[in-house]
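Thanks for making time. I have one chain to go through today, so please have the sequence and the model open.

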Amino acid sequence: MSRRTTHPPEQEPTPASLQRVGAILWPSFFVAGVVTMVFFAYVDPEALQQMTFPSLKLSRELGYSLGFFLIWLATASASLFTWILLRPSRQVRRGFHPGSKS
Amino acid sequence: MSRRIPLHVVDDESSSYYVSERKVYPREVSGRFDRLRVAAVVWLLGMFYLFPWLRWNGRQAVLLDLPARQFHIFGLMFLPQDFLFLSTLLIIAALALFFFTALAGRLFCGYACPQTVWTEVAIWIERWCEGDRNKRMKLDASPWNREKILRKGARHLLWALFALWTGFTFVGFFSPITDLARRTPFGWGGWEAFWILFYAFATWGNAGFLRQQVCKYMCPYARFQSAMFDRNTLIIAYDPMRGEPRGPRKRALASVLARARGLLDKVTAYDYVFRASQHPSAADNRAQAGGTIVLAGAGVSAEPLPKFSLEQMGDCIDCTICVQVCPTGIDIRNGLQYECIACGACIDACDAVMNKVGYPKGLIRYTTQNHIDGKPARVLRPRILVYGCLLLAFIGGWIYGVTHRSPLIAEVLRDRNAMYSQASDGGIENSYTLKLVNKDQQPHHFVIEVSSADMPGISLRDGSRAIEAQGGEVVSVPVTVSASSEVSGRHDVQFKVRGVDVDAQATVNSSFFGPSL
């Protein structure tokens, strides 16, 4: 085969919605990881559980994981909020359409 | 009279950083920097995959035991109370990143970043299964047939195994790995299984599919590393003064370094680079360099390059192999770009080509912008010295701190319910809870004593207490301090805890209350 044909085939573009989800989830994941580490370095999940829900039976592992996902939820909400604020005005005028191009 | 200027913001359609990514097919390369990277991959991944299996004093050498809140690292045990060491370590890592970036650019990205290291392995697997660049492109372009299914299937199977093994090893740092291996896979706990699969998925996605997109879009360091660069930073650069005008040549031609033409002047050379990037040759088009670099303002166009005589040609033969080997798919000849992870693949590739055509090496090389521009370059400059000194100070402090850690932490809590109580013999008593932490891995005995400067007769009710604490154990010791019946008001007391079989001592201050006058 001649060398001419050996160029990279075209790739389908990543959908804008996927990029947006990535841009919201990824930085919040990163920060949540750091915050979880710092938080649980000082707070023992078992001690926290005794202070908050002493009637529930929560192990330390569950406490760490639960803490991480709650913090991720919080940071992801902040990222989502930022995205909403940064939406171009023409899109806001058109209204919220999850499928619309950003 | 002031009039409003009718301005309005033009909504930029291309406001997004994101461009749809072409798949990059890095071509295999060999040379100095490739050997260096393979060595780094073997070393770093070797540590990652091997460390959890090592034993030290009868326990896993590196075990970050989150459930027990104890972190064992080669005979040292760290507790959450030692968080200072971890934060200092992170500061050291950040400073090291500043130092090495200012000195020699993105060394971390090219050789040590987990993304690079795991991507490298994923590319090796891809190469074993599907062949080198051209074969992979042809395979992707070809219709689905038996060979394509087999080759792609093998690659995905190996990727999946590699990713699962990585996830398993990762969790093995937190959960004793031999036990984890024995329970594979149905005995895994819920969270263990979750994190193994999660980490495996992340490895599979990042190393297999996202690759350079992680560096371009996800990595914060890639976005701010340029702030640490200056014109004396070692970068990977193409020498346009020597290489331009680029182009293939039909017959042998000596290097410009040995010809009357010599090096071009800077302005001409960069103009040629710009015009070549605006009017890519057929070979450049085939290589399809990506990248976001803009060599001039928007709308600036340039004339295509004229046809040069053989004698005018520079040393770049426009073989585009530097583009083909690039894992991020850029053309280094356009200059320093933020996509460049400084892996040195283009240096290896170009050196090999220069060797083949009989030119001296180094058309693409590690150099500084000042060198390229023919200005004096300085390695030892204030920022290097400042970063270096700070780095040394932190490392020194960290090592001193870790080697001189006290194996004992003591804290004291006063009983919150009663200020004081009266014993049957009329003496005044206060109750406390002492919290002792044995930070050593071995069990130790400690003795608790109490003293006060202004109450000579003070003592622990049951005499001095001896306590045994297991390695890493936090012991709560309730103690009662008695004083004579004449004591009144507030007094300072001191609890002294010292090790019987270990050189450790801790003094904690608290208060003793008697009846108020």
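Predicted model: local features only at pLDDT ≥ 70, side-chain atom pairs only at ≥ 80, totals over all residues.

Chain B contains 17 helices and 16 strands. Its C-alpha trace spans about 115 × 75 × 55 Å along the principal axes. For 517 residues, a compact globule would come out with a radius of gyration near 24 Å, but chain B has 33 Å. As for burial, 30% of the 517 residues count as buried. On contacts, take those with a separation of 6 or more: 74% of them in chain B are between residues 24 or more positions apart.

Now the backbone, starting with two cis peptide bonds. One runs from B:Thr184 to B:Pro185, with omega near -20 degrees. B:Pro185 sits in the loop between helix H7, residues 177–182, and helix H8, residues 190–210. The other joins B:Glu244 and B:Pro245, and there omega is about -15 degrees. B:Pro245 lies in the loop between helix H11 (240–243) and helix H12 (266–278).

The cut-off for buried is 20 or more.

Last, the helix pair. Two packed helices are described by the angle between their axes and the distance between the axes. Here the pair is H2, residues 83–104, and H17, residues 382–403, both of chain B; their axes come within 9 Å and cross at roughly 155 degrees. Angles over 145 degrees count as roughly antiparallel, so H2(B) and H17(B) are roughly antiparallel to each other. Their crossing is left-handed.

Which residues make the contact between H2(B) and H17(B)? From H2(B) they include B:Phe85, B:Leu89, B:Ile92, B:Phe99 and B:Leu103. On the H17(B) side, B:Arg383, B:Tyr387, B:Leu391, B:Phe394 and B:Trp398 are among them. By class, the residues of this contact divide into 18 nonpolar, three polar and one charged.

That is the end of my part.

Terms used. Residues numbered from 1 in each chain as written. Chains lettered and ligands numbered in written order. Helix = DSSP H or I, 4+ residues; strand = E, 2+ residues; numbered from the N terminus. Rg over C-alpha atoms; globule rule 2.2 N^0.38 Å. Buried ≥ 20, exposed ≤ 12 C-beta atoms within 10 Å, placed from the backbone. Contact = placed C-beta atoms within 7 Å. Axes fitted to C-alpha atoms, helices over the stretch in contact; angles between N-to-C directions. Parallel < 35°, antiparallel > 145°, perpendicular 65-115°, else oblique. Left-handed = near helix turned anticlockwise from the far one by under 90°. Nonpolar A, V, L, I, M, F, W, Y, C, P; charged D, E, K, R; others polar.
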